[in-house]
Amino acid sequence: MTVAPLRAVDSGESPIAAPSKIGEDDFVNNPVSRRLLVAAAGLLLAAACTQTAPGTGPTGDVDARFVVDGQSVAIADGNAYVVASDGSLVFIKELYTPGEAQAAFRVTRNAVLRVGEDGKWYNVPDRLEMGFEDAKGVRDLIGLERGWTNFTLQSPAAPTVPDYVALFKRILAEGAGFEDNRVEPSEENFYRGAASLRTYAVAGTDAVPVSKASLSSILVHAVEGDTVDLSAWYFIEQGMPVGLMDLESSFIDQGPGMRVLADQTGRLRVELKWGDKPTYRSEAILSVGRWTQLRLRMLLSAAQSGTIELWVDNELVIDATGQTLPLGDTILDRFEIGTTANNDLGPVIMFVDDVRIETKRVRTP
Ligand SMILES: [Ca+2]
């Protein structure tokens with residue numbers, strides 16, 4: 001797996017990133033993924049048939065252990081292992097390349113830089129603010145000046161990762177039109193100014209369970225000990241998205257991280273998409289048909305000492321402590337907003353405005 005790098009286009013000044021090769025298509029409901037477990041079952045079955053070990057154990061220390069669907073999983077050397085009944089670790093798949101995320105950044109006392117595909121280093125600001133003003137189309141939103149680096153339109157018309165990466169490139173490079181899902185600046189509705197981001201996502205289907213219409217930025221760097229403050233205004237016109245915003249690691253398979261989710265009634269929760277998926281619940285309901293501000297502030301910790309605070313229109317609805325980062329050395333480097341996932345109940349039309357991402361860093365170079 002390779003991380004989506006920044007890529008300079010045209011002038012060489014506007015970096016963009018290809019969408020991650022890591023899809024979430026099979027991942028709305030599972031952390032280490034059904035695929036992993038299916039693979040695990042397959043490997044264990046193969047082992048039983050051949051009487052030979054399907055893989056070797058890790059050479060380094062185990063970084064994390066958790067139970068997924070009754071199966072014990074261990075993480076070491078960037079790999080996932082299932083814990084066999086005799087306690088031995090059976091290799092399942094590579095999740096990340098140790099050191100790769102760290103090599104993509106330079107962290108100094110005064111700045112954080114991220115390397116682009118062109119080998120240049122780009123400033124990663126402590127604070128990004130986006131209001132979607134003065135943009136004719138989604139192409140205008142992508143680039144250093146606006147801070148967005150990517151959009152993802154996964155849908156029945158672009159179901160696989162290569163499909164939606166190709167669609168992204170067609171729209172950005174050639175000015176091609178949307179297929180079914182859309183993500184674009186709109187003057188139809190806004191919280192402030194004269195425009196917002198409009199997302200349209202068709203319902204998921206049996207074949208394509210996750211439908212996405214989201215915008216993302218990889219001008220982000222948040223590590224253990226940092227406090228991240230995310231805020232945005234939402235207006236749901238139709239439907240109810242499953243996912244509203246994510247802060248995740250593009251370097252790890254399936255992009256684990258923290259995300260704000262809603263059930264089909266709009267009830268909000270925050271989840272660490274990783275391991276046994278620690279979930280922080282609220283009784284708050286995201287309204288349809290009016291502008292609502294969601295603000296999520298998190299102290300990042302791979303132990304149980306993280307904090308999670310969610311405000312809905314300035315009312316604190318989640319105030320919890322717990323795990324907020326997959327592993328101690330995980331870098332959360334991608335922020336995604338919009339309809340980050342839709343369900344199979346119907347299409348979603350949602351507007352987003354006044355997005356803010358702020359990181360209070362613990363600098364230790
Ligand atoms: Ca605006």
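Tutor: Two strands count as paired if DSSP finds at least two bridges between them. Please keep in mind that this is a predicted model.

Student: Fine. How many bridges join S12 to S13, then?

Tutor: Five bridges join strand S12, residues 182-186, to strand S13, residues 196-201. The two strands run antiparallel. Within this pair, Arg-182 stands opposite Tyr-200 in S13.

Student: And is S12 enclosed or open?

Tutor: Strand S12 is largely enclosed by the rest of the structure, because four of its five residues are buried.

Student: Let us turn to the sheet with S11. What is the strand order there?

Tutor: Seven strands make up an open sheet, and their order is S11-S14-S23-S16-S17-S18-S19. The pairing in this sheet is antiparallel.

Student: Which strands stand at the edges, and why?

Tutor: The edge strands are S11, residues 150-154, and S19, residues 279-285. Each has a single partner strand, so one side of each is left without a neighbour in the sheet. From one strand to the next, the twist averages 15 degrees.

Student: How many bridges does S11 share with S14?

Tutor: S11 pairs with S14, residues 211-217, over five bridges in the antiparallel sense. As an example, Leu-153 has Ala-213 in S14 as its bridge partner.

Student: Now the helix H4. How many residues has it?

Tutor: Helix H4 spans residues 161-174 and has 14 residues. From its first C-alpha to its last it reaches 19 Å, close to the 20 Å expected at 1.5 Å a residue.

Student: Which residues of H4 are buried?

Tutor: Tyr-164, Leu-167, Phe-168 and Ile-171 are buried in H4. These residues lie on the same side of H4, because they cover an arc of only 100 degrees around the axis. On the other side of H4, the exposed residues are Pro-162, Ala-173 and Glu-174.

Student: What covers the buried residues of H4?

Tutor: The cover includes helix H3, residues 138-141, and also S11. That is the strand placed at an edge of the seven-strand sheet.

Student: And what follows H4?

Tutor: Gly-175 follows H4, and the phi of Gly-175 is positive, near 70 degrees.

Student: Another topic: what is the strand order in the sheet with S8?

Tutor: That open sheet has three strands in the order S7-S8-S9, with antiparallel pairing. S7, residues 105-107, and S9, residues 121-123, stand at its edges, each with a single partner strand, so one side of each lacks a neighbour in the sheet. Neighbouring strands are turned by 30 degrees against each other on average, direction ignored.

Student: How many bridges link S8 and S9?

Tutor: S8, residues 112-115, pairs with S9 over three bridges, in the antiparallel sense. Here Val-115 has Trp-121 in S9 as its bridge partner.

Technical notes:
Residues numbered from 1 in each chain as written. Predicted model: local features only at pLDDT ≥ 70, side-chain atom pairs only at ≥ 80, totals over all residues. Axes fitted to C-alpha atoms, helices over the stretch in contact; angles between N-to-C directions. Expected span 1.5 Å × (residues − 1). Buried ≥ 20, exposed ≤ 12 C-beta atoms within 10 Å, placed from the backbone. Arc of directions from axis to C-beta. Contact = placed C-beta atoms within 7 Å.
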